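Work through the exercises below with the model open beside you. Try each task before reading its solution.

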Amino acid sequence: MTHLSPEQLAQAAIRTLEKTSETLTPKERMAIPAQEMPTQDPAERRSNMNEVALGYSPEQARAEALRCLQCKTAPCIAGCPVGIDIPGFIQAIADGDNKKAIDIIKIDSLLPAVCGRVCPQETQCQAPCTVGKVLKSVDKAVNIGRLERYVADWERENRLIEIPAIKPDTGKKVGIIGTGPAGLTVAADIRREGHDVTLFEAFHKPGGVMVYGIPEFRLPKAIVQQEIDALTAMGCELKTNFVIGRTRKIQDLLDEDGFDALFIGTGAGLPRFMNIEGENLVGVYSANEYLTRSNLMRAYDKQRADTPIFDSEKVAVLGGGNVAMDAARTAVRLGAKEVHLIYRRTEVEMPARVEEVHHAKEEGVIFHMLENPKRILSDEKGWVNGIECLRYELGEPDDSGRRRPIAIEGSEFEIDLDTVIVAIGNDSNPLIRQTTPGLETNKWGNIVADENGKSSIDRIYAGGDIVLGAATVILAMGEGRKAAAAMNEMLANI
Amino acid sequence: MNKIREKKQLSETVFLMRVEAPLIARERKAGQFIILQLCEDFGERIPLTIADADPAAGTITLIFQAVGKTTKKLALMNAGEKIAALVGPLGTPTHIENFGTVVCVGGGIGVAPLHPIAQAMKAAGNKVIIIMGARNRELLILENEMRAIADELIICTDDGSVGRKCLVTEPLKELCEQDPKPDLAVAIGPPVMMKFCAETTRPYSVPTQVSLNTIMVDGTGMCGGCRVTVGDETKFVCVDGPEFDGHLVDFDNMINRLSSYKKQEAHSCKIGLEGDSQ
């Protein structure tokens, strides 16, 4: 596919708008071409950390907004985990009223600049879109995520972000453990009710996976910082370098430190390994470690950062999710000559976003489908020098509904490598459950919470990946909102 | 918080700092460590053992050897200055009980993390025999502090400038040969020394605890950079450890993993401290 510059795309949108009349029939709306996201040139972006997707021009946003049919049934809203009034905000963009558009989004979503970038819209709001259905491709659905991002960026770039109104002080004190999407959402909702909020973060920077996991080229850290700044401006207190379970235990916060309620949003940050031979050789990383070094510790900035990262020539990334794409594309940017992505099913089953897979391919990542490592090979010094894989074929569907990959016996082959990054998933961190007697968890170590996010211990709520297992930013936010509502109700009655 | 209250130079390259950290001082137990950062934007996170703590004064004591970029920069800081970030206490505390006779073996800077453990072992009613090793007299640290705890103190130097001229494994072997032999050995020091301590006690079946000093990033269990092979299992030193059964640790793999960034570290030590070459 040829790469079109942002200017070319904006010009095309202007021509489209010139041809559209005041009143459009549904047929005319669907004839408007879906607006492509302007991106950095693939050849150029391979060697920088800057954001790849550049965002719509005002003309592109308007052209895209005009594609929405304003369905009475609005199936898109049901596809959004927090139920944003999607036709409402898109109509406002079409009318040229960006302020109204962002105000509509903010009724339901607190992180639109983040969610517009990282949500898997093709399986959420955009999946049931009527336009996509009629045009027989989810790729042709209205680009809701890009429009959400457009208005959130417009608001930020024009310095129009307003600090929400805070109700009078209630004197009640709430602790939020973890500053990822769930924690930030809960903090805002609870602070608005006039309660005192303290955020606890184990790392030296808040933001959770948005800061240590998702790379700068997909989610600029300045955008996350803006969200944190808004919370501190609202009066939330932030304590970084504070590990709940070690620096202070949950029960002590309730019994001794005067907290009336706690929300646990510590996520799923424990990397899973494959338990194959050679996994502890020098040069084998969890994706968490690789991405933390690069993103949070800024190891990519070799001149300034003290944290080193492996100088890799040939890298294999194991897995097919967004974390695998992020790790592979980070390795490309750190200067690896070859990056292989190894996944045991086919591209159709990949949990990664279609857009990220597309970007990874454009950047030269080599995709190996229906292959899986058997063992990691070592040189005489105990450093990685290759990987032995098996070829796979797809069998019958398993419990997850995906066809089960089956190894083809005798199909072993080797790839020469010096680095392996394992990105096959995360489990929940055990620290809080190990140090909090009475806190009920399930067999995967996730905290058991009712539909309002209440845990087995009074006044303790939980949400996000620590309850759901590794999921998405927007689901964590949705869980957080429900828990915050329940917490506010509980606090009003004590 | 994090203000340096006191700084002492213990040997040519080893420094002691007493740092304000009231929350860590209150919660910490023997065997635990902190992660420290000198700059939150570009600084690296390094683990250091808590050598001592004074909850009443709200301070913890760190003892470190200036060997790399961050520790050299830290060594240049003085009382009154603040450390950008300190997080802890981290790791699983040492299992302390009355075992009977405990022989504590410390090599080089490893005497610092050994100190709170020896202290706690003594407080639990054990007979504590301490073996301290260093290359020479100048590199020996905490001699008085350890003497105050020990029922018996054995000093070894490579050059014989003080104590016996031998490796720490020699008196350790002698103790294992005695009847009754020690009930527990605790060895902390360079990986090679811990490996050979474990090899020394193995034939005598003296249970041997080692405290592993692997590469770490977060120190809270979310990356696995610190992982080691213990028996047939992979363990994370920062949450499952830092202490493990020395007879089950794959030291060769651990030593290899410690060399992962040799090239970058050699480079960054040079570029980091131009002003430090006098």
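Predicted model: local features only at pLDDT ≥ 70, side-chain atom pairs only at ≥ 80, totals over all residues.

Residues are numbered from 1 along each chain as its sequence is written, chains are lettered from A and ligands numbered from 1 in the order in which they are written, and side-chain values use heavy atoms, without hydrogens and water.

**Exercise 1. Describe the interface between chain B and chain A.**

Step 1: take the contacts. 45 residues of chain B are in contact with 43 residues of chain A (heavy atoms within 4.5 Å).

Step 2: take the area. About 3800 Å² is buried between chain B and chain A (accessible area, 1.4 Å probe, that two parts lose on being put together, summed over both). Carbon and sulfur atoms give 49% of that area.

Step 3: take the charges. Six salt bridges are counted between chain B and chain A (a side-chain nitrogen of Lys or Arg within 4 Å of a carboxyl oxygen of Asp or Glu). E27(B) and K249(A) form a salt bridge at 3.9 Å, N to O.

**Exercise 2. Are I63(B) and F64(B) buried or exposed?**

Step 1: locate them. UniProt's unreviewed entry places a "binding site" at I63(B), F64(B) and Q65(B). I63(B) sits in strand β5, residues 59–65 of chain B. F64(B) lies in strand β5 too.

Step 2: apply the cut-offs (buried under 20% relative accessible area, exposed over 50%, partly exposed in between; 1.4 Å probe, protein chains only). I63(B) has 6% relative accessibility, so I63(B) counts as buried. F64(B) has 1%, so F64(B) is buried.

Step 3: list neighbours, leaving out residues up to four places away in sequence. I63(B) touches, among others, L10(B), A51(B) and L142(B). Contacts of F64(B) include M17(B), L48(B) and T71(B).

**Exercise 3. Which residues make the nonpolar surface patch of about 240 Å²?**

Step 1: name them. V192(B), F196(B) and I255(B) make the patch.

Step 2: F196(B) lies in helix α6, residues 191–201 of chain B.

Step 3: classify F196(B). Its relative accessibility is 44%, so F196(B) counts as partly exposed.

Note on methods: Patch = residues over 30% accessible without salt bridge, like charges linked within 9 Å, V, L, I, M, F, W, Y side chains within 5 Å. Areas by Shrake-Rupley, 256 points an atom, 1.4 Å probe, with all protein chains shown as cover. Helix = DSSP H or I, 4+ residues; strand = E, 2+ residues; numbered from the N terminus. UniProt positions renumbered as here; feature names shortened; annotations may be inferred.
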